[in-house]
Amino acid sequence: MSGIHVATTINGDAVEYVCDPRETLLDVLRNRLGLTGAKEGCGTGDCGACSVTLDGRLVCACLVLGAEAQGREVTTVEGLSIDGALHPLQTQFIAHAALQCGICTPGFLVAAKALLDRNPDPNEQEIRYALAGNLCRCTGYDKIVRAVSAAAKDVRKKQR
Amino acid sequence: MAHDTKFTNQEFKIVGTRPLRPDGVDKVTGRAKYGADAFAPGQLVGVVLRSPHAHAKIKKIDTSKAEKLKGVKAVITSADLPDLTKGDRGMLDTLENCMARGRALYDGHAVAAVAAIDAETARKALKLIKVDYEILPHVTDVDEAMKPGAPIVQPHVRTTGVEPKPTKASNVSQVTEFGHGDVEAGFARADVVIERSYKTEQTHQGYIEPHACLASVGPDGQGELWVTTQGHFTFRTVCATLLGMDIAKLKVTSSEIGGGFGGKTHVWVEPLALALSRKANRPVKLVMTRDEVFRATGPTCSTSIDVKIGATKDGRITAAKATLRYQDGAFPSIWGMLGAMTSWACYDLENVKSIGYDVLVNRPKVAAYRAPSAPMAAFAVESTMDLVAAEIGMDPVDFRIKNAAKEGTRASYGPTYGPIGIGPTLQAAKNHPHMKAPLKKNQGRGMACGFWFNFGGQTCTDLNIGTDGTVSLTVGTVDVGGARASLSLIAAEELGIPYERVKCTIGDTASLGHNDTTEGSRGTFSSGMATIFAARNAIEVLKERAAKTWDIDVADVEWRNGSAVALRAEHGNLNELTLAELAAASPRTGGPIAGHNEVVADGAGVSFATHICDIEVDPETGKTQVIRYTVIQDAGKAIHPDYVEGQFQGAAAQGIGWALNEEYVYGADGRLQNAGFLDYRIPVCSDLPFIDTQILEIPNPNHPYGVRGVGETSIVPPLAAIANAVSNAAGVRMTHIPMSPPRILKAIKTAQRERTAG
Amino acid sequence: MRYEAPTTTKEAAGLLAKAKGSAFLLAGGTDLLVRLKSGLVEPDLLVDVKRIPSMQTMTRTSAGFRIGAAVPCAVLGENAALKKAWPGVVEAANLIGSDQIQSRCTIAGNLCNASPAADSVPAMVAAGAKAIVVGPKGRRTVAVEEVVTGPGKTSLKKGEIIEAITLPKPAPKSGDAYLRFIPRTEMDIAVVSAGVNLTLGPKGVIKRARVVLGAVGPTVLLVAAAAKAIVGTRLDDAALEKLASACEAACRPIDDKRGTIEFRTEVAGVLARRAARIAYQRAGGK
């Protein structure tokens, strides 16, 4: 086994690790770096529970190799709140009861943030299609979509 | 102490409001720890070798090469799991399901397991295990399994519930019958008799979090298990029994649970992880892959059901009969019986009969899936109800109202109902704006009713008051959907303090007496009841402390709005003592103040629902779209309405997936072909509209607040509601679930051909 | 397993050519990593092409578009000029999976993975796309329909990699469209699909057409008879009927967990009709 040395940025912090070539970014985040917010729901890119962003783009960490993070920027759910203050998405998810068991929540938050970053005023259909890659089995998505709408409003207000 | 369980129609101050849940911040920041989020120093990775055959004799397992591989610390087979069940067949079945004992009974059945220093080594070790299989004929279809000459799954099984008692092995493990009256006489005097057969395919609970645990057993026979589970006390009992450990010496901590819906009420890999840890003398973390979750945990039954309903032309049902065949997987269980019990529960029937068959096939051992067995029976019954209503020219809602069960009805499964919600949900549906919304081309509307028993069960809670007056509430029912918020509301309501002053935690098995699993919609109901009684016990102590402080008779102390109040004019000079003040003084007045309660929470209230949905069917492709969906369900008393709505919506969404796209696809070789989320198709966000909810509150007289379980009932109506909508949209009666586009298109084309031919 | 991230196409091709044992290209990885983790493939070497500048860029020339093989499909969807010229190709590319998959998957990868149900392929074939192949013997250009030879099989030789996909500049009064059938609204592999590319002559009469079906055979089917059925027409109902029949006749689908032969055949005709209508409108027909 030959380990690959990777120097990357995670949630704004410089991070280095050594990983096996076969390890995914999800494996690295959870098992080597203690960032267990991203979850493995399927390992095949079908559930979105492992969603992170890579150089600003939403990806499934289970389908990215740890080695590929070299020189890139990764953000996870742990990087969503700034200085301990919850992001409006996080606040609205709680306020709207948009989580029940909560296992899919980190993935949804990262995916919703990626949506709002490129579309600050999405309508219901745009939200639903942007989040189609994130499976939830508890909520039926109703309160999740409402929470994202509400958070979008909050974010737009803040930016004015 | 006798508890006053009578519902007293009270005005609530805090219960019924919508505060933020206490575990919310942890869950939105990624801090919450689920089954796979625990790590122990020196932990090993556990993996399981599984049978690729649906049915096979295991002639030999050679683990020698695997054991020699560098980095492998333990390899186990059934030889490492001796039968310690002392003749308890159910326990032995559990043991055998966790690991095959001489025969692989389904594709994915565990045959061996390995613990190694990393995942790659563990996987390599699996490849080095040589299993000598002799492939046997298999059967995976419930009707095929009942035919003479079908391969026998469990040679020791003799059908129970039939006379004379059979001597030969059968795949039918039991036949059960429910009902009353004379159905033949009833059919004879009916003006209209409709008889139909239906099939539903196997589905899985589909929780997003795979089973995962971290097991650590020491050389002194003591152990710890961190596990995602719906019932850590049950897991403790089962694991300790199977491994020959003392119950008190196995501490089981439930992690946050990433969905269960009944699928995490049983052990699957946990005994293996414990056995590996014991053999390796190191902690073992075992996480199932998604493929393993589908192949080797507990999906629900596939079924084959015949329904016959007779009615007079003015809409009164004269007789109703259902014959239900449910496959339980490879081990006997009660799912057919439950289907038979729930079939006619919504209706007031003079003559009714349900016969349930529990059938064995070479598939995984079925586990509960949210109102287990009820959705399939309801699909068959509620579809036929629509057919009868159409035949006599009556509105489907009115037809159901005319025959709805009510207080005093003798239920088809035996008991007599107290006050129930089926009539009110039907009336509410009739008056709901959804019913009047216009329909566009190719759209159809359907409705259906559903029922679930709900359960109570053994419960134990501890309520401890800190010296600053904040309250620690420890419960033993795993929180699957937000119950900690509801339980905190209840404690706050009873004590008369703000919600924010209560912190509810799920205690591990070392901290509380036995708590039954969170299933049967019992979490809020039973832990809520125990919380009420624990709080009332604490209030007795608080009153005593106040009496002591004031030096008056405790009979003169009342608890009001969070304070002790001295009654009677002569004590008028005594100021109130708040809970916080009494708590602060507690070190001097007698020590820590607490309340505790163990209860078998009887009197769980049955819950009924009526759903309405609009479906659009593309007549050229059979593709469906859910246009609008409304859930109307009786909650008894909604402690936290947001989370009650959440249960309604989530259950409905699962039912929608079940109705339209979810099914286990088995090949002719008996192997599961779609063991992943790509081809096991649960609804995605863009598949569903907003799901409207209406909470009715017909109080359960057996609960202090009137609470009924709510989590399960709303998975029951969707299969039929959608089938009825598809029928109205496309003019075809669907009798096979899921109503996937190929099935719908085939039905449409067949109907078209018959129309042009006829 | 070895992981390499070269910075030139030549280097990447050389690594593949010299590889002992099994070697795979890693672009988006959304197919490869799934196969790797399930044990279907056990690579000795992975060559990551995402650090090769010539593969990461998309350029527009007078001849059309050159899309580097490592350009993710999400980027295609953000290119206004490409969307305007080839809306069918872009919508096909953007149908591959969720937003998470879109950030990574590539049309070159989609092509070379050679699934009969690949979304981008029918549209690319209909559009007349070509692949620029770089290998030990230099560079060559090949029509994309000649790349896939069967399920999971391509005509690429050892050491050859696709550096870019090119699309021609669309002729005036052209329009293309891609439709697929999936049971849900997202996240499914196509059960059956159709890509249509039309060019109109005067008075809205179809001058040229390419009709391609996906997921109804081991490779996509370029159905000449379907094109013939609509060339010279204004896509009236009779022409559409003939188009649908020609498509149904050409289908060679299988029964599997995603669809039956009966279903795929029937719906192939339906989708071809609908895609033709959309392409016709986009071409300026009414």
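Is B:Lys746 buried, partly exposed or exposed, and what is its relative accessibility? At 48% relative accessibility, B:Lys746 counts as partly exposed, where buried means under 20% relative accessible area, exposed over 50%, and partly exposed in between (1.4 Å probe, protein chains only). This is a predicted model, in which local features need pLDDT of at least 70 and side-chain atom pairs count only at pLDDT 80 or more, while totals for chains, interfaces and linings use all residues. Residues are numbered from 1 along each chain as its sequence is written, chains are lettered from A in the order in which they are written, and side-chain values use heavy atoms, with hydrogens and water left out.

**Where chain A meets chain B**

- In contact (heavy atoms within 4.5 Å) are 44 residues of chain A and 54 residues of chain B.
- The area buried between chain A and chain B, that is, the accessible area (1.4 Å probe) that two parts lose on being put together, summed over both, is about 4,100 Å², and carbon and sulfur atoms give 58% of it.
- On the chain A side, A:Ile94, A:Gln100 and A:Arg137 lose the most area to chain B, together 21% of what that side buries.
- Between these two chains the count is 5 salt bridges, each a side-chain nitrogen of Lys or Arg within 4 Å of a carboxyl oxygen of Asp or Glu, and in one of them B:Asp37 meets A:Lys39 at 2.6 Å, N to O.

**Salt bridges elsewhere**

- Over all chains, the count by this rule comes to 75 salt bridges.
- C:Glu262 and B:Lys746 meet through their side chains in a salt bridge of 3.8 Å, N to O; because C:Glu262 lies in helix α12 (residues 261–282) of chain C and B:Lys746 in helix α19 (residues 741–757) of chain B, the pair joins two chains.
- Helices here are DSSP runs (H or I, at least four residues), numbered from the N terminus.
- B:Asp23 forms a salt bridge with B:Arg21, their closest N and O atoms being 2.8 Å apart, and both residues are buried.

**Cysteines**

- A search of the whole structure finds 0 disulfides over all chains, a disulfide being a pair of cysteine sulfur atoms within 2.5 Å.
- The sulfur of A:Cys50 is 3.7 Å from the closest cysteine sulfur, in A:Cys62, which is too far for a bond, and A:Cys50 is buried, with a relative accessible area of 3%.
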